[in-house]
Amino acid sequence: RESDHRAWTPVSYTVTRQNATVQGLIQGKAYFFRIAAENIIGMGPFTETTKEILIRDPITVPDRPEDLEVKAVTKNSVTLTWNPPKYNGGSDITMYVLESRLIGKDKFHKVTKEKLLDRKFTVEGLKEGDTYEYRVSACNIVGQGKPSFCTKPITCKDELAPPTLDLDFRDKLIVRVGEAFSLTGRYSGKPAPKVTWLKDDTVLKEDDRTKIKTTPTTLCLGILKSVREDTGKYCVTVENSTGSRKGFCQVNVVDRPSPPVGPVIFDEVFKDHMVVSWKPPLDDGGSEITNYIIEKKDTHKDLWMPVTSATVKTTCKIPKLLEGREYQIRIYAENLYGISDPLISDEMKAKDRFRVPDAPEQPIIKDVTKDSALVVWNKPYDGGKPITNYIVEKKETMATRWVRVTKDPIFPGTKFKVPDLLEGCEYEFRVSAENEIGVGDPSPPSKPVFARDPIAKPSPPVNPEAVDKTKNSVDLTWQPPRHDGNGKIIGYLIEYQKVGDEAWKQANLTADSCPETKYKVTGLTEGLTYKFRVKAVNAAGESDPAHVPDPVEVKDRLEPPELILDANMAREQHVKAGDTLRLSAVIKGVPFPKVTWKKGDHEVSPKADIEVTGVGSKLEIRNTVHEDGGMYSLTVENPAGSKTVSVKVVVLDKPGPPRNLNISDVRSDSCYITWMEPEDDGGSVITNYVVERKDVASAQWVAISSSSKKRSHMAKYLMEGTQYQFRVAAENQYGRGPYVETLKPIKAIDPLHPPGPPKNLHHVDVDKTEVSLAWNRPDRDGGAEITGYLVEYQEEGTDEWIKFQTVPMLDCVVTGL
């Protein structure tokens, strides 16, 4: 029976032995048993077990512990963890035995002396650099079980792992004022990293509201009862000796805005409306201002009336006011998170307080010409509203009606050039100012002025100089005067004076005879020295004279030739084939030199166009070819000397054909092609060669290399037995030159060699006049099928071999011996 039941249950009625097996028991339950003997007379009394028997499996030692793992390694310690055995042997685990073995030794040694029940242990006091392996066994009341599987060999050294950082927050976080927020995450690294929190690059420390909690694997920053000042960029840094990681979060603590900034300014006040303005709040609460709420109140009443709640501007029109009443205005700012405290204005009475501008003072008239005059005035008082326009009027002195000088607005300047005056008439001018209220009174009339040009004598001519001379004349040039005195320059007077005399003589009698800024003074005496001066003349008279700086001796001028080279006469001139070559220079010299162009020591090509002018010379060759290159020289010569300049001209063209094209190493599927560079590279570096091939039966050339810089190429992938032609061309930056082709086709076959000697020559039969011979095939056929075998014989004692015959098979009968 079960120990907690009273009823007995029969097990067997037919047991004749002194033992029985009881089936169907429940593990973990306790039972009592009883036995009675029975004969034909009947059943005797029962004998009962003295104590209950607990049903369980037999107790053994535990299985081996599982999942022995190394959790941490330093230079003098190792931390290990493991899981209990799958089966404890039928009895609770009483302790664990952890053992280690130094690599190189045979025996394991127990690590702990005290009783170890935890499934985690740190072995300390190890020697840096030593390597160990570990195992662990479980014990129960029966004894110690099998050890676990050994760990891998573990060397004592500080483990290094760069920090990792896994954050629970996003880049941005919005928090209402007064609420708490936290930034959390997980991290790792070896050695254990240092965790630092910063806000806007300032290190955060704990205080009443700021809480920082860091465990070996987690980190947390908490802010209690947040305020607007908590807004900022938060950064967490996890750093150890191997590196650092950072995480960022822009926290925006938001609130309703602060009140708009006063005072409320009354920009415009009228009897029925006002226009007010204000400044935005100093603090928008961390969220953009969505609108302003404006209300008005008659000071005689306690009721605030809404004006608008939809404006986003910092100005507003307050309508529907009663004339003479005093009003106050209050303004709220609103964002997504609420409405600010109000800004309340001073009291303001609804009445018109603006008027038209005052009359300007008497205007001043300047810069009068025959058809215009500049009217200048000062800005008057604007009547409380900004001036938007000035009205300028004119009238002839004897007339009575004033006329506006323009319909266009005149603003903001306080001067205006009045056009369309009649030459010789006398005018007066006056000015009125206008604002949005209306036009003010006009100014007093200006002083009368006549419309006519003011004319003064011109300033002297500029930079007179003698530019040429002969034995009886001198050429002068100059520049116009800087100021013409507001009158047209009629012309110039030229005077000269012999050095030593006091009197100046006129070279021309009237100014209009010299309207240009140059003049040739003639009738001078050869060998004498003269001074020269020039005057400008307008309707007001003659200017002061301008003197030629130095006296001039009258004689024929002799100057050696001088060449001023253009850019195309640099030391080396490059021109692309087909383009036009231009060489030019400015030539000076008195008398003008003789000009000669040459190419090398010869005359230039007849296709060259040569032009010579009084100031220079130009050589031009159109559609240049490579042969037009060379050394060009320009020689100029007069009695005072000669001068020569040279320029190297390089005509850049496609290169010539490559040289010495050669085919070698012909095989059944390849051949080796070599060549030499062209004699003429076209004036530019050869960039690459193009190699092409053609089956003689085909008309199409096929490129097999187009980018090679080498002067050789291995032509692969040929078809055995096919005949090919090859060609090569050179390329430079100006194009591809002509091809050079192989002279005869190349057949793609392996080279042939004589076959090797036949093997194992022996006789198979002998007669008195003949011998039967046999042999085997040679080891090598020389690259072609063997067509036959030549049989020769020699009489012993002689040197001569006698040809018998050529046979196709591996045997032969030699007769006639």
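**Aromatic rings and a glycine in a predicted model**

Both Tyr 132 and Tyr 134 are buried in this predicted model.

User: Are the rings of Tyr 132 and Tyr 134 stacked, edge-to-face or tilted, and what is the angle between the planes?
Analyst: Happy to walk through it. The ring centres of Tyr 132 and Tyr 134 lie 6.2 Å apart, and pairing requires centres within 6.5 Å. Planes under 30 degrees apart would count as stacked and over 60 as edge-to-face. The pair is therefore tilted, with an angle of 35 degrees.

User: How is the aromatic pair of Tyr 427 and Phe 429 classed?
Analyst: Tyr 427 and Phe 429 are each buried. Their ring centres are 6.3 Å apart, with 25 degrees between the planes. Since planes under 30 degrees apart fall in that class, this pair is stacked.

User: Which residue has its charged end over the ring of Trp 504, and how far is it from the centre?
Analyst: A charge counts as over a ring if, among other conditions, CZ of Arg is within 6 Å of the ring centre. Over Trp 504 sits the charged end of Arg 533, and the distance to the ring centre is 4.3 Å.

User: Is Gly 384 buried, exposed or partly exposed?
Analyst: Gly 384 lies in the loop between β31 (373-376) and β32 (389-396). Its relative accessible area is 33%. Buried needs under 20% and exposed over 50%, so Gly 384 is partly exposed.

User: How far apart in space are Gly 384 and Asp 765?
Analyst: In sequence, Gly 384 and Asp 765 are 381 residues apart. From C-alpha to C-alpha, their separation in space is 151 Å.

Note on methods. Residues are numbered from 1 along each chain as its sequence is written. This is a predicted model: local features need pLDDT of at least 70, side-chain atom pairs count only at pLDDT 80 or more; totals for chains, interfaces and linings use all residues. Side-chain values use heavy atoms; hydrogens and water are left out. Rings of Phe, Tyr and Trp (its six-membered ring) pair if their centres lie within 6.5 Å; planes under 30 degrees apart count as stacked, over 60 as edge-to-face and the rest as tilted. Buried means under 20% relative accessible area, exposed over 50%, partly exposed in between (1.4 Å probe, protein chains only). A charge sits over a ring if NZ of Lys or CZ of Arg is within 6 Å of the ring centre and within 35 degrees of the ring normal. Helices (H or I, at least four residues) and strands (E, at least two) are DSSP runs, numbered from the N terminus.
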